[in-house]
Amino acid sequence: MPQPPSPIAFIDLKVQAARVRARIDARFAQVLDHGAYINGPEVAELEAALCGFTGAAKALAVANGTDALIIPMMAMGLKPRDAVFIPAFTYNATANAVILAAATPVFCDVRGRDFNLDPEDLDRRIAAVTAEGRLTPKLILAVDLFGIAADYEAIFAVAEKHGLPVMADAAQSFGARWNGRWAGNIAAVTSTSFFPAKALGCYGDGGAILFRDPALHEACESVRWHGTDAARKESVRVGMNGRLDSLQCAVVTEKLSIFSDELEARRRVAAIYDARLAGAVDAVAFGAGVESGWGLYTVAVDRRDAVQAALRDDGVPTAIYYPQPLHRMRAFAHLAPEGGLPQSERLAGRVLSLPMHPYLSEAQTEYVAERVLAAVR
Ligand SMILES: Cc1ncc(COP(=O)(O)O)c(C=O)c1O
């Protein structure tokens, strides 16, 4: 059996950790010295750095990417009969967050070509919910799956037609761009995750809310701190403990300083995969103006289990995100639309994510591509 030039990790956090270790050690020492573990100066520093990178007007560091979704929806004051339109092919957190924020998710299909929310299906489902009258359409929550910005051109047009706001779940897409705008500065409000395996991760759980439109910023800041007023004396709304601690903020700030360099490296890996695998697998196709952050590199293949097993034997780790669309999962099956969601169901049976991180060598990347070609043949 062929073996890689050197062991291949699906996501390698160790090389990066060695690269930033001395700086993070120094940062940790600073936090231990000043002792402000919660709400220390590192929080505002990270928020400013995130705005600086993405161009967002405001940012809030929060405890994880799920809270980054829940907090803005709580700030919007959603109610159980309010419909939030989400793709069915995403991580379960997207649907959980809608339900935890007291609203009702309405599952929409995705497109085969970019695996993201299908604007035409979205349009139809908003119209159907409006016509039925049981739920009130309130929000479109687009997801940038695998690092690829959703089709915001078309989604914004549908949103405008129906008079709905758009929020973005960019948990997987920090570093993506749409029409020159970075994820975080595309929709009015964007959530992201700093889960360690994300393109920009911390050493634990973390996340952020980014505001292109700062209208909800103050309310989100209040929800993040138990719904208190600015003086933190009185609860003015229902809130939660959604803060990100000073240590994690320091980690993300340090990692953000090498992010552009890492993004370039991810792009080089993706370019090799794109060139070598063209025609052999169903690669993601996205329109002009969209740049992936390459959080993951995912293709669709026939005989997926056999392909995955062959790659495992050849020393190539892969992962399946996601083996089931949300409307097929027990927790959400009662929300499944009649007739199902064909593209989401089909993709769940065919997607396969290949090793993707900034520290894959050219030789390793070429080896992965070569073994994929052999496995799908
Ligand atoms: C699309 C999507 N949304 C939300 C989340 C939730 O982020 P977290 O795990 O930081 O809560 C994730 C995390 O994987 C995700 O992939």
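Modeller: Happy to; we will go through the ligand, the pockets, the cavities and then the backbone. This is a predicted model, where local features need pLDDT of at least 70, side-chain atom pairs count only at pLDDT 80 or more, and totals for chains, interfaces and linings use all residues. Residues are numbered from 1 along each chain as its sequence is written, and side-chain values use heavy atoms, with hydrogens and water left out.

Colleague: Great. Which residues come nearest to the ligand?
Modeller: Gly65, Thr66, Asp169, Ser193 and Lys198 come nearest, out of 16 residues around the ligand. A residue counts as near if one of its heavy atoms lies within 4 Å of the molecule.

Colleague: What does the side chain of Asp169 do there, at what distance?
Modeller: An N or O atom in the Asp169 side chain is 2.7 Å from a nitrogen atom of the ligand. A polar contact is a pair of N or O atoms within 3.5 Å; within protein, one must be able to donate a hydrogen and the other to accept it, and residues adjacent in sequence count only if both atoms are side-chain atoms. Ser193 has a polar side-chain atom 2.7 Å from an oxygen atom of the ligand, and the side chain of Gln172 has an N or O atom 2.8 Å from a ligand oxygen atom.

Colleague: How much of the ligand does the protein bury?
Modeller: The protein buries 91% of the 390 Å² that the ligand exposes when taken alone. Those areas come from the Shrake-Rupley method with a 1.4 Å probe; for residues, only the protein chains shown count as cover.

Colleague: Which helix gives the largest share of the shell?
Modeller: Helix H3 does, with 3 residues. H3 (65-75) and H4 (92-100) each supply at least two shell residues. Helices (H or I, at least four residues) and strands (E, at least two) are DSSP runs, numbered from the N terminus.

Colleague: New topic: where does the ligand sit?
Modeller: In the largest pocket, meaning that more than half of its atoms lie within 2 Å of the pocket's grid points. On a 1 Å grid over the protein atoms alone, a pocket is an open set with protein on both sides within 12 Å along at least five of seven lines, while a cavity is a set of points where a 1.4 Å probe fits but cannot get out; lining residues have an atom within 4 Å of a point.

Colleague: How much space lies in that pocket?
Modeller: About 500 Å³. Of its 24 lining residues, Tyr91, Gln172, Ser193, Phe195 and Lys198 are the closest to the centre. A volume is the space filled by probe spheres set on the points, with grid points joined across faces, edges and corners.

Colleague: And what volume has the second largest pocket?
Modeller: About 320 Å³. Its lining has 14 residues, with Val106, Val129, Glu132, Arg134 and Leu335 nearest the centre. Strand S3 (104-108) and helix H5 (119-132) each supply at least two of the lining residues.

Colleague: How many cavities of 30 Å³ or more are there?
Modeller: There are 3. The largest cavity holds about 70 Å³ of space, and Asp12, Leu13, Gln16, Arg266 and Pro358 are the closest to its centre among 14 lining residues.

Colleague: Last one: which peptide bond is cis?
Modeller: The one from Tyr321 to Tyr322 is cis, with omega near 5°. Tyr322 is in the loop between H10 (304-313) and H11 (342-348). Also, Phe115, in the loop between S3 and H5, has a positive phi near 65° without being a glycine.
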